[in-house]
Amino acid sequence: MKLFAKTTLAIAGISLASMAFAADPLANTTWQTFDEGQPKGVIKITESNGVLTGKLISTVSEKGKKHVGMTIISGLKADGNGKYSGGKITDPEKNKTYKLTANLSGSSLNLKGHLGPFSRSQTWKKK
């Protein structure tokens, strides 16, 4: 009986620990960005210690190719239920950085960049 109880507790503890360290749904995903409805770039999102980062891995514009490899998203953290905040997003063409909130909904990532009372939204599609 004692062995059964100890084994059950050990399995439960391992299960809970693995759930606590489960990868974020955005971790290791690739997203197509759009500008005025047209594909613009591809962002790869990775996660490290609960913080999400996104890098530009390709672009369709000749001007944008010099920005490939640039970190576009930094410091983004999950709030739960597909909501994210605390991050920053950089517009590589303008070299401006904005506060970022995001919402994951199926294969769409809705992002909102904030600068003071102003904001701009974009929807990216999962690749």
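Author: Let's begin with accessibility: a residue is buried under 20% relative accessible area, exposed over 50% and partly exposed in between, using a 1.4 Å probe and protein chains only. The model is predicted, so local features need pLDDT of at least 70 and side-chain atom pairs count only at pLDDT 80 or more, while totals for chains, interfaces and linings use all residues. Numbering starts from 1 along each chain as its sequence is written, and side-chain values use heavy atoms, leaving out hydrogens and water.

Now to the charges. Side chains of opposite charge can pair when their charged atoms come close. The rule here for a salt bridge is a side-chain nitrogen of Lys or Arg within 4 Å of a carboxyl oxygen of Asp or Glu, and it gives four of them.

One of these joins Asp35 to Arg120, with 3.5 Å from N to O. The two partners come from distant parts of the chain, 85 residues apart: Asp35 belongs to strand S1 (residues 29-35) and Arg120 to strand S8 (residues 118-126). Strands here are DSSP runs of E with at least two residues, and helices are runs of H or I with at least four, numbered from the N terminus. Asp35 is partly exposed, because its relative accessibility is 28%.

Another salt bridge connects Lys40 with Glu93 at 3.6 Å, N to O. Here too the pair links distant parts of the chain, 53 residues apart, with Lys40 in strand S2 (residues 38-48) and Glu93 in the loop between strand S5 (83-91) and strand S6 (96-105). Both count as partly exposed, because Lys40 has a relative accessible area of 25% and Glu93 one of 40%.

Glu62 is exposed at 63%, whereas Lys65 is partly exposed at 44%.

Finally, let's follow S2, the strand that carries Lys40. S2 runs antiparallel to strand S3 (residues 51-59), and eight bridges join them; for strands to pair, DSSP must find at least two bridges between them. Glu47 faces Leu52 in S3. Two residues separate S2 and S3 in their hairpin, and Asn49 in the turn has a positive phi of about 55°. On from there, S3 pairs with strand S4 (residues 71-80), again antiparallel, over three bridges, and Gly54 has Ile73 in S4 as its bridge partner.
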